[in-house]
Amino acid sequence: MQITPDISIDDGLLQWEFVRSGGPGGQNVNKVSTAVQLRFDLAASSLPADLKRRLATLAGKKLTAGGVLVIDARVHRSQAQNRQAALERLAALIAQAAVRPKPRRATKPTLASKRRRLDAKKHHAQTKRLRGAAGEE
């Protein structure tokens, strides 16, 4: 499966499990296993290590202790649509992880921002001072 022009995953790493889905559908819900669980073995994949690390962070609770990414799709009433939705969600997650975060460069606050901060502190202090007990006049 092609994710981006330079990232693809082997279909052999994808495992499908079909389970019964709840929700609308009447008797169809009781008879047909339309919900899809897509399992992608992240640990065994040939993705670059930094991409795996970012993908694991993005996946959160969808990643098992064994390094398997589990995507559950049960929105649609047909198995084929749920299967396609699971594939699209996996592709979107990998594509999002493929974007390298821009490194942060430390900068110093500008003189104007320092002045604004100090002015705000003085104003706040003045407000607090006025709230105190009335002095002898």
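Trainee: Which residues does Val 70 touch, not counting residues up to four places away in sequence?

Mentor: Start by asking what a residue meets once its sequence neighbours are set aside. This is a predicted model, and in it Val 70 touches Leu 38, Arg 39, Lys 62 and Thr 64, with residues up to four places away in sequence left out. Val 70 itself sits in strand E5.

Trainee: Does Val 70 count as buried or exposed?

Mentor: Look at relative accessibility, where buried means under 20%. Val 70 comes out at 18%, so Val 70 counts as buried.

Trainee: How far apart are Val 70 and Leu 93 in sequence and in space?

Mentor: Keep the two kinds of distance separate. Val 70 and Leu 93 lie 23 residues apart in sequence, and C-alpha to C-alpha they are 12 Å apart in space.

Trainee: Let's turn to helices. At what angle do H2 and H3 pack?

Mentor: For a helix pair, check the angle and then the spacing of the axes. Helix H2 covers residues 49-59 and helix H3 covers residues 79-98; they pack at about 120°, and their axes are 8 Å apart. The two helices are therefore oblique to each other. Their crossing is right-handed.

Trainee: Which residues make that contact?

Mentor: From H2 come Leu 51, Arg 54, Leu 55, Leu 58 and Ala 59, while H3 brings Leu 93, Ile 94, Gln 96, Ala 97 and Ala 98.

Trainee: Which residues of H2 are buried?

Mentor: Leu 51, Leu 55 and Ala 59 are the buried residues of H2. Now look down the axis of H2: these buried residues fall within an arc of 65°, so they line one face of the helix. They pack against strand E2 (7-8), strand E5 (68-73) and H3.

Trainee: And what does the face of H2 turned away from its buried side carry?

Mentor: That face has the exposed residues Ala 49, Arg 53 and Thr 57.

Conventions: Residues numbered from 1 in each chain as written. Predicted model: local features only at pLDDT ≥ 70, side-chain atom pairs only at ≥ 80, totals over all residues. Heavy atoms only, no water. Axes fitted to C-alpha atoms, helices over the stretch in contact; angles between N-to-C directions. Helix = DSSP H or I, 4+ residues; strand = E, 2+ residues; numbered from the N terminus. Parallel < 35°, antiparallel > 145°, perpendicular 65-115°, else oblique. Left-handed = near helix turned anticlockwise from the far one by under 90°. Contact = heavy atoms within 4.5 Å. Buried < 20%, exposed > 50% of the residue type's maximum accessible area, 1.4 Å probe, protein only. Arc of directions from axis to C-beta.
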